[in-house]
Amino acid sequence: MSRSRKLMLSSLLAATGFAAQAAPAPVPTSGTLVVVPAYGEVKHANDQVRITFNVEEQDKDKAAAASRVNLKMKQGTDILKRQDPQAILQTRGYYTYPVYPEDQPQPRNNANKPRQPTGWRVGQYLDATTTNLNNLPKTVAAVQSILGLNGLYFGLSDATSKKLDDQRIAATYQNLTERIASIAHAMGRNVSDAVLDTIDFEGSGNYAQESSPAPKAMMMRAASMNDAAPVEEPSFEPGETTLNMRVVGKVRFK
């Protein structure tokens with residue numbers, strides 16, 4: 001064997017021996033406690049809507065403005081009840097505000113004298129919650145002939161949300177088991193060696209971040225319209241809602 005080949009072989013053996021010495025020994029994992037976060041989600045088409053109508057009138061006579069508001073609110077409510085008898089209705093937010101001219105100067109002779117209003121603004125809101133989405137365009141258009149459409153908020157009914165709980169829990173638990181299997185593989189252990197010590201759904205423990213807030217309902221807003229003329233039926237797309245769940249598992253390896 002030539003001198004150069006002997007040197008190359010010696011160098012290779014030395015490098016191999018060094019690498020063998022430098023390789024770290026496996027870290028013992030017996031009794032190790034591992035905290036594993038996991039997530040799950042389910043999606044479902046929105047099956048409920050909360051509609052907000054409003055009416056507002058302005059007049060020099062406060063009583064006249066209030067009377068028109070009261071009459072229109074009664075008419076709009078009656079129409080809504082006829083169009084959608086199953087809707088849950090709630091009136092709220094009755095307000096009365098004085099109206100002042102922007103260019104009215106402050107009296108010089110008496111700086112403490114309050115400004116006098118030139119009119120009054122009176123209004124009220126009406127909320128309707130319903131699952132009758134098929135009739136929604138017709139219902140809204142009918143009520144818009146009297147009241148203004150202030151907003152639509154699509155979401156899930158309570159019954160649907162409860163039904164989706166089983167799916168959401170199952171999806172979250174499946175993600176947890178998948179992550180445990182991945183961690184066991186990375187540690188060079190068998191999944192059968194892992195024992196679930198604690199399962200904390202919604203991740204409420206100190207080792208998890210705060211749970212995500214409940215999903216906000218999808219919202220569609222429309223300009224207020226108080227004209228009494230017939231209104232063309234609007235178009236709506238309810239969309240879907242995503243429900244999330246978080247779980248934290250404490251896994252101990254044998």
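Among contacts in the protein chain (heavy atoms within 4.5 Å) between residues at least 6 apart in sequence, 86% join residues at least 24 apart. The structure is a predicted model, in which local features need pLDDT of at least 70, side-chain atom pairs count only at pLDDT 80 or more, and totals for chains, interfaces and linings use all residues. Residues are numbered from 1 along each chain as its sequence is written, and side-chain values use heavy atoms, with hydrogens and water left out.

**Overall architecture**

The protein chain contains four helices and eight strands. Helices (H or I, at least four residues) and strands (E, at least two) are DSSP runs, numbered from the N terminus. Read from the N terminus, the order of elements is α-β-β-α-β-β-α-β-α-β-β-β. Of the 254 residues, 32% count as buried; buried means under 20% relative accessible area, exposed over 50%, and partly exposed in between, with a 1.4 Å probe and protein chains only. The accessible surface of the chain comes to about 16,200 Å², and carbon and sulfur atoms contribute 52% of that surface. These areas come from the Shrake-Rupley method with a 1.4 Å probe, and for residues only the protein chains shown count as cover.

**Helices α2 and α3**

Two packed helices are described by the angle between their axes and the distance between the axes. Helix α2 (residues 62-83) packs with helix α3 (residues 136-144) at an angle of about 160°, and their axes are 9 Å apart. Axes are lines fitted to C-alpha atoms, for helices over the stretch in contact, and angles run from 0 to 180 degrees between N-to-C directions. The two helices α2 and α3 are therefore roughly antiparallel (an angle over 145 degrees). On the α2 side, the contact is made by G76, I79, L80 and Q83, and on the α3 side by K138, T139, A142 and V143. These contact residues divide into four nonpolar, three polar and one charged. In this classification, Ala, Val, Leu, Ile, Met, Phe, Trp, Tyr, Cys and Pro count as nonpolar, Asp, Glu, Lys and Arg as charged, and the others, Gly among them, as polar.

Helix α3 is largely enclosed by the rest of the structure, because eight of its nine residues are buried. The buried residues are L136, P137, T139, V140, A141, A142, V143 and Q144. They pack against β2 (48-59), α2 and β5 (148-155).

**Individual positions**

Q124 lies in strand β4 (residues 119-130) and is buried, with a relative accessible area of 12%. N244 belongs to strand β8 (residues 240-253) and counts as partly exposed at 41% relative accessibility. With residues up to four places away in sequence not counted, N244 touches G40, E41 and R168.

T118 lies in the loop between β3 (88-99) and β4, and T118 is partly exposed, with a relative accessible area of 41%. Apart from neighbours within four places in sequence, T118 is in contact with K60, V99, Y100 and P101. D47 is found in the loop between β1 (33-45) and β2. Residues touched by D47, not counting those up to four places away in sequence, include T130, L133, G155 and T160.

The table lists C-alpha separations for pairs of residues.

| Pair | Separation along the chain | C-alpha distance |
|---|---|---|
| N244 and D165 | 79 residues | 9.9 Å |
| D47 and P238 | 191 residues | 7.6 Å |
| T118 and P101 | 17 residues | 6.9 Å |

Conventions: Angles under 35 degrees count as roughly parallel, over 145 as roughly antiparallel, 65 to 115 as roughly perpendicular and the rest as oblique.
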